[in-house]
Amino acid sequence: MTPNLLPEFIHGMPEVFLIVWALVVLMIGAFQKRSDREGVYYVTFVGIGLALFMLYSSYGNYAYSFNEMFKVTPFTQLMKGVVLLTVGAVFYMTFKHFPREQMNRFEYPVLVLISTVGMMIMISANDLISAFLGLEMQSFCLYIMVAISRDRPASSEAGVKYFVLGALATAFFLFGASYLYGFTGTTEFKGMAEVLASTSEVPVPIGVAFMMILVAVGFKVSLAPFHMWTPDVYEGAPTPVTAFLAAAPKIAGFVLLLNFVVIVFGAHADLWTPVLAVLAIVSILVGAFAALFQKKLKRLLAYSSISHMGFALLGFLSLNAQGFENIFNYLIIYIIMTVGAFAALLTLRKRGQLLENIEDLTGLSKDAPLIALCMTVLLFSLAGVPPFAGFFAKVSVIQNAVSGGHYLAVILAVLGSVVSAGYYLRVIKAMYFDEPVGGEHTMAVDKTVPIQTKLVLIVSTALVTFYVLMPHLFTLDLGAYLR
């Protein structure tokens, strides 16, 4: 008898639906003129909204599908919802900019949808094979999106760099996965965890496997010293793609990392805790000190991202559910701040081009006081200044590190946070106090900026500002996930 696969697909219905929807968008785009592409973008929005509705309708379910390679829990559904909301917000605020950024191609929304499916598969992965499938679906689409402005050499160069280094990270992942499979005899996460739990000491192949997989995942989420691609790709990619790259993939990468360190290697916390502590501190310090010397806005935000990923990593050091919850609370706040920062950048142009340099912001407080105020709030929050959301996010993960006894890591993290305030203040100083270079004011507010971009900017700023009044909005429950 032919097995009934319908229940299997029901549990993965949002992913299956988005793949089918991507094919629909592809067919619609193939028969539309380039000057009439807005319909494709609205169809993409509808698809993201319907996928969110499917997640909401099935929230609270527990299931394992496709030979237990794919798991559905309230936590995975919640993280997929965060990814879909992030993708929807970034796409909503950027799609009107596509013609200006030489991205008015129907392939772009198709790539966005397929990349989103890859992130969702990574979140629900319960097996090395499904984890690799999701990782590569996400990555291949991002490589193409970064290089999609073919007429811009910087975009093509960034795409090549990202692809070459991404292929190297993939090789590391496969190398580590092969060691895990060879030692445990299974690719399923819990099966590997049971075998590793029966060993009193960590065998050398398992230590090598852990390091290889950590290199691969660290590359995907921009942890130092695996961050080499980040500033160049952030700068070279079109700004709408950079906004996408800086937000949603971080959630999927950290969920995958949580699977490995808590489930697969959970019995050997003494193996991964010191390594993650070192990576966290290196990321914070590299991001903080390197950003001090940046003159370009997107490179500054790239190093800021590296530093924030280091702070998120501190949540692993407490070895308890509260610490793991705070990681994702931190990431959600980081996404809100980052999306808002890129929305602010998209509202400003100089000679018809989006701003690139910090000095281009001189006089912004006089020309566009509301945008300058929003940027100031978001930058203060990124720096961790109270009473904005970024402050509470940093305090929560630092408390996790303290509860785990990692006092040196805490001291260095606080030092990195203080240093990072310096480069955020440089941007604020340029907006409010600096005089234009040569006495000529060249910055210009984009008078035709879409209302969508302004709306995302205002909402992000409001969430960051009033977080202190509604902290429970970002509180997660990982108890069931970790049992």
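The turns below cover salt bridges, cavities and one lysine.

Reply: This is a predicted model, in which local features need pLDDT of at least 70, side-chain atom pairs count only at pLDDT 80 or more, and totals for chains, interfaces and linings use all residues. Residues are numbered from 1 along each chain as its sequence is written, and side-chain values use heavy atoms, with hydrogens and water left out.

Me: How many salt bridges does a search of the whole structure find?
Reply: A salt bridge here is a side-chain nitrogen of Lys or Arg within 4 Å of a carboxyl oxygen of Asp or Glu. Searching the whole structure on that basis gives a count of five.

Me: Which residue forms a salt bridge with Glu157?
Reply: The closest N and O atoms of the pair are 3.1 Å apart. Both residues sit in helix 7 (residues 153–184), four residues apart, about one turn of the helix. Helices are DSSP runs of H or I, at least four residues, numbered from the N terminus. The partner is Lys161.

Me: Is Lys161 buried, partly exposed or exposed?
Reply: Buried means under 20% relative accessible area, exposed over 50%, and partly exposed in between (1.4 Å probe, protein chains only). Lys161 has a relative accessible area of 32%, so Lys161 is partly exposed.

Me: What is the N to O distance in the salt bridge between Asp232 and Lys161?
Reply: This pair links distant parts of the chain, Asp232 in helix 10 (residues 229–236) and Lys161 in helix 7, 71 residues apart. Asp232 is partly exposed, at 28% relative accessibility. The N to O distance is 3.4 Å.

Me: In which helix is Arg299, which pairs with Asp232?
Reply: The side chains of Arg299 and Asp232 meet in a salt bridge, 2.9 Å from N to O. Their positions are 67 residues apart, with Asp232 in helix 10. Arg299 has a relative accessible area of 17%, so Arg299 is buried. Its helix is helix 14 (residues 297–313).

Me: Which residues are linked in a network of salt bridges?
Reply: Lys161 bridges to Glu157 and to Asp232. Asp232 also bridges to Arg299. With Glu235 included, the network is Glu157, Lys161, Asp232, Glu235 and Arg299.

Me: What volume does the largest cavity have?
Reply: A cavity is a set of points on a 1 Å grid over the protein atoms alone where a 1.4 Å probe fits but cannot get out; lining residues have an atom within 4 Å of a point. Grid points are joined across faces, edges and corners, and a volume is the space filled by probe spheres set on the points. The search finds two cavities of 30 Å³ or more. The largest holds about 90 Å³.

Me: Which helices each supply at least two residues to the lining of the largest cavity?
Reply: The lining includes Leu297, Ala341 and Met375. By class, the lining has nine nonpolar, no polar and no charged residues. (Ala, Val, Leu, Ile, Met, Phe, Trp, Tyr, Cys and Pro count as nonpolar, Asp, Glu, Lys and Arg as charged, and the others, Gly among them, as polar.) The helices are helix 14, helix 15 (321–346) and helix 17 (369–383).

Me: Which side chain of opposite charge is nearest to Lys250?
Reply: Lys250 lies in helix 12 (residues 248–264). Lys and Arg count as positive, Asp and Glu as negative; His and the chain ends are not counted. Lys250 is buried yet has no salt bridge. The nearest opposite charge, 15 Å away, is Asp232.

Key: 1 Å grid on protein atoms, 1.4 Å probe; cavity = no way out; pocket = protein on both sides within 12 Å on 5 of 7 lines; lining within 4 Å.
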